[in-house]
Amino acid sequence: MNKRKLAFYFMAMPAVLLFFVFHTYPALQGIFYSFTNWNGYGDWDFVGLKNYLNVFKDSRAIHAYLFTFKFAIVSTIIVNVFSLLIAIGLNSKIKGRNFFRGVYFLPNILSILIVGFIFNYIFAHIIPQLGEDLHLEALSKNILGDPDLAWIGIVIVAAWQAIAFNTILYLAGLQTISTDIYEASSIDGAGKWREFWSITFPLIAPFFTINMVLALKNFLMVFDQIVAMTGGGPGTSTESISYLIYKGGFQGGEFAYQSANAVVYFIVIVVVSLVQLRILQRREVEM
């Protein structure tokens, strides 16, 4: 073995070892315990697929799945629409363009938990007080305390923070388009709307695909915003799958059962991501 290969193994093996110890081994351990009745302590017995079958019969888990998908789909659409609009604005020739790019990226570097706690205070105190001062009944209550509206507050916070990252990706895509194409379309008399649908959007289609897949995948795993803003409440109205797995597994004595739920959810996310990627890539070819 030459010195170059030896240096490669010397640098790569610690990373591989750490990844296995802190990621792969716990994942394999969780899959193992999903076939048992272990509560997180004491003895255990094998129960086969009982935990997996119970997941599909659990009304609380089904409600969490429905809430998570509703939240993820709405958030993904909002984030991508606003990210694309902001990216197009920041890609134009405006004064202070670099300053605004920094400002829009700022939410992405803030802690999700801290942002969640700040917005929790805003929804609970500042907005209701503002609504009372303006005599606007719709703003006079804390929407996080309403089982029907609490999820909207979480969508607002999640979208506000996620837009920054997606904007950067769209901006990178827009900068790959040559200005010569726009100049040629302008000479041909194409308007801005026609320019967007015939030039801009088709040429950034790969960036649209990756943004949609990443956004949906990230929102399906929503956790921190739930912890900081509602704790899954009121009741269980904003309980996501990730939060249910954490709460039931580590606080409710359902370690094995929630491990099975986690395995099911992992498979669901992988399937959804692959199907979404396949559909959007086929659309890229057709454009």
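1. Where does proline 234 lie? Proline 234 is in the loop between helix H10 (224-229) and H11. A cis peptide bond joins glycine 233 to proline 234, with omega at about -5°. Helices here are DSSP runs of H or I with at least four residues, strands are runs of E with at least two, and both are numbered from the N terminus.

2. A word on the ground rules. This is a predicted model, in which local features need pLDDT of at least 70 and side-chain atom pairs count only at pLDDT 80 or more, while totals for chains, interfaces and linings use all residues. Residues are numbered from 1 along each chain as its sequence is written, and side-chain values use heavy atoms, with hydrogens and water left out.

3. Overall build: the protein chain has twelve helices and zero strands. Its C-alpha atoms fill a box of roughly 75 × 75 × 35 Å, taken along the principal axes.

4. Another backbone point for your list is histidine 135. Its phi is near 60°, a positive value in a residue other than glycine. Histidine 135 sits in the loop between helix H5 (112-133) and helix H6 (150-174).

5. On the annotations, UniProt (unreviewed entry) gives "transmembrane region" for residues 7-28, 62-90, 102-127, 149-174, 195-216 and 262-280. Residues 7-28 are 100% helix and 0% strand, and their end C-alpha atoms lie 30 Å apart. For residues 102-127 the span is 92% helix and 0% strand, with the end C-alpha atoms 27 Å apart. UniProt (unreviewed entry) also lists "domain: ABC transmembrane type-1" for residues 65-276; that span is 76% helix and 0% strand, and its end C-alpha atoms lie 18 Å apart. UniProt positions follow the numbering used here, feature names are shortened, and annotations may be inferred rather than shown by experiment.

6. Now the largest pocket, with a volume of about 860 Å³. A pocket is an open set of points on a 1 Å grid over the protein atoms alone, where a 1.4 Å probe fits, with protein on both sides within 12 Å along at least five of seven lines; lining residues have an atom within 4 Å of a point. Grid points are joined across faces, edges and corners, and the volume is the space filled by probe spheres set on the points. Of the 22 lining residues, Ala27, Ile245, Ser259, Ala262 and Val263 lie nearest the centre of the largest pocket.

7. Which helices supply at least two residues each of that lining? They are helix H1 (3-33), helix H11 (241-250) and helix H12 (255-286), and H12 gives the largest share, nine residues. By class, the lining of the largest pocket has 15 nonpolar, seven polar and no charged residues. Here Ala, Val, Leu, Ile, Met, Phe, Trp, Tyr, Cys and Pro count as nonpolar, Asp, Glu, Lys and Arg as charged, and the others, Gly among them, as polar.

8. The second largest pocket has a volume of about 590 Å³. It is lined by 16 residues, and Asn91, Ser92, Tyr182, Lys192 and Glu195 lie nearest its centre. Helix H3 (59-91), helix H7 (179-187) and helix H8 (192-203) each give two or more residues to this lining. The lining of the second largest pocket divides into five nonpolar, six polar and five charged residues.

9. Finally, helix packing. The axes of H7 and H8 come within 11 Å and cross at roughly 165°, which makes H7 roughly antiparallel to H8. Helix H4 (residues 97-109) and H6 pack at about 130°, with axes 6 Å apart, and are therefore oblique to each other. Axes are lines fitted to C-alpha atoms, for helices over the stretch in contact, and angles run from 0 to 180 degrees between N-to-C directions. Angles under 35 degrees count as roughly parallel, over 145 as roughly antiparallel, 65 to 115 as roughly perpendicular and the rest as oblique.
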